[in-house]
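Student: I've got a structure to learn and I'd like to work through it by asking things. Let's start once it's up on the screen.

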Amino acid sequence: MAKLFRAAIVGAPGSGKGTISKRIAQSFGLQYLSSGHYLRQDLAASTETGVLAKTYIDRGMLVPDHVMTGLMLSKLEQLSGHSWLLDGFPRTLAQAQALNSLYQLDLVISLNIPYETLKDRLSDRWIHPGSGRVYNLGFNPPRVQGKDDVTKEPLIQLDDDKPEALTARLRHYKEVAKPVIDLYKSQGILHSFSGTDTDRIWPYINSLLSAKMHVQPPDACHTQTP
Ligand code: G5P
Ligand code: MG
């Protein structure tokens, strides 16, 4: 890769940020950082950050900006010299400004997915807590019901995917996302994708990144046109 490439993916809970980020990381060799995954790791290890974050996540609320910027900027510091993709950060204008003061993003992908689709997806989502592997009972079910494909350990449903937290998360997302999206639009780096199916959106993202990064992704020959 000729030049370091720095990108972020933004979208409502359940919009497919994690699913698409994993495909991007695999196809383009970017380091992939998920704020939700790091928070869940801290939570599982009962660190100070994890214990504090749980009180917000369980209520479907955002974790305070200073906690998130501290967490994510320290992860990025360890990645100097690498290209990376952020999933779930920045989520607020304050976070975007903190990131902006240290790094200039090359590209921001925004996912616009209808509300009903988001609700259906998240209520069907189960994860393997140890690894963060995500399953969806309709879209990518585990091979054995209720069990992780790799470890065979039980899958769980996150508290913040349960109905009460879900509605609050979606409402909250809309309020805080707009100024972040406006900022990246004004910088000319925002690319928006709309639809109900990740598999139909993915070829467009794949093409965009191929063009921006000037490399041919390994799975370029498998792209499809919706
Ligand atoms: P997270 O973990 O960052 P959210 O709320 O951003 O959580 P989430 O739930 O992780 O979003 P996603 O990554 O956008 O969603 O979507 P996904 O996991 O890929 O897909 C959702 C489900 O749909 C999966 O089961 C997937 O298999 C399925 N799916 C994908 N595509 C399709 C499709 O085409 N069809 C179908 N049928 N299914 C599909 O953050 C968690 C919490 O941490 C805190 C907040 O409290 C947040 O709520 N947090 C932060 N707080 C403040 N600032 C930040 N920067 C924070 N980051 C995290
Ligand atoms: Mg996610």
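Student: In which loop is Ser46 found?
Tutor: First, some housekeeping: residues are numbered from 1 along each chain as its sequence is written, while chains are lettered from A and ligands numbered from 1 in the order written. This is a predicted model, so local features need pLDDT of at least 70, side-chain atom pairs count only at pLDDT 80 or more, and totals for chains, interfaces and linings use all residues, with side-chain values using heavy atoms and leaving out hydrogens and water. Helices (H or I, at least four residues) and strands (E, at least two) are DSSP runs numbered from the N terminus. With those labels, Ser46 is in the loop between α2 (35-44) and α3 (48-57).

Student: What is the phi of Ser46?
Tutor: Ser46 is not a glycine, yet its phi is positive. The value is about 50°.

Student: Is the peptide bond from Phe89 to Pro90 cis or trans?
Tutor: Pro90 is found in the loop between β3 (84-87) and α5 (93-100). For the bond leading from Phe89 into Pro90, omega is near 0°. That bond is cis.

Student: On to the ligand, then. How many residues surround ligand 1?
Tutor: A residue is near a molecule if one of its heavy atoms lies within 4 Å of it. The closest to ligand 1 are Thr19, Arg91, Arg125, Arg169 and Thr198. The shell divides into 13 nonpolar, 13 polar and eight charged (Ala, Val, Leu, Ile, Met, Phe, Trp, Tyr, Cys and Pro are nonpolar; Asp, Glu, Lys and Arg charged; the others, Gly among them, polar). The number surrounding ligand 1 is 34.

Student: Which element gives the most to that shell around ligand 1?
Tutor: α1 (17-28), α2, α6 (115-123) and β6 (134-136) each supply at least two residues. The biggest giver has four residues in the shell, and that is α2.

Student: How much of ligand 1 does the protein bury?
Tutor: Look at some polar contacts (N or O pairs within 3.5 Å). Oxygen atoms of ligand 1 lie 2.8 Å from a polar backbone atom of Gly14, 2.6 Å from a polar side-chain atom of Thr19 and 3.4 Å from one of Arg121. Taken alone, ligand 1 exposes 1000 Å² (Shrake-Rupley method, 1.4 Å probe). The protein buries 94% of that.

Student: Which element gives the most to the lining of the largest pocket?
Tutor: By class, that lining has 15 nonpolar, 21 polar and 13 charged residues. Seven of the lining residues come from the top contributor, α1.

Student: Last one: which element gives the largest share of the lining of the largest cavity?
Tutor: A cavity is a set of grid points where a 1.4 Å probe fits but cannot get out, and here there is one of 30 Å³ or more. The largest holds about 80 Å³ of space, and its lining includes Phe89, Pro90 and Tyr173. Both β1 (6-11) and α7 supply at least two residues. The largest share, four residues, comes from α7.

Terms used. A polar contact is a pair of N or O atoms within 3.5 Å; within protein, one must be able to donate a hydrogen and the other to accept it, and residues adjacent in sequence count only if both atoms are side-chain atoms. On a 1 Å grid over the protein atoms alone, a cavity is a set of points where a 1.4 Å probe fits but cannot get out, and a pocket is an open set with protein on both sides within 12 Å along at least five of seven lines; lining residues have an atom within 4 Å of a point. Grid points are joined across faces, edges and corners, and a volume is the space filled by probe spheres set on the points.
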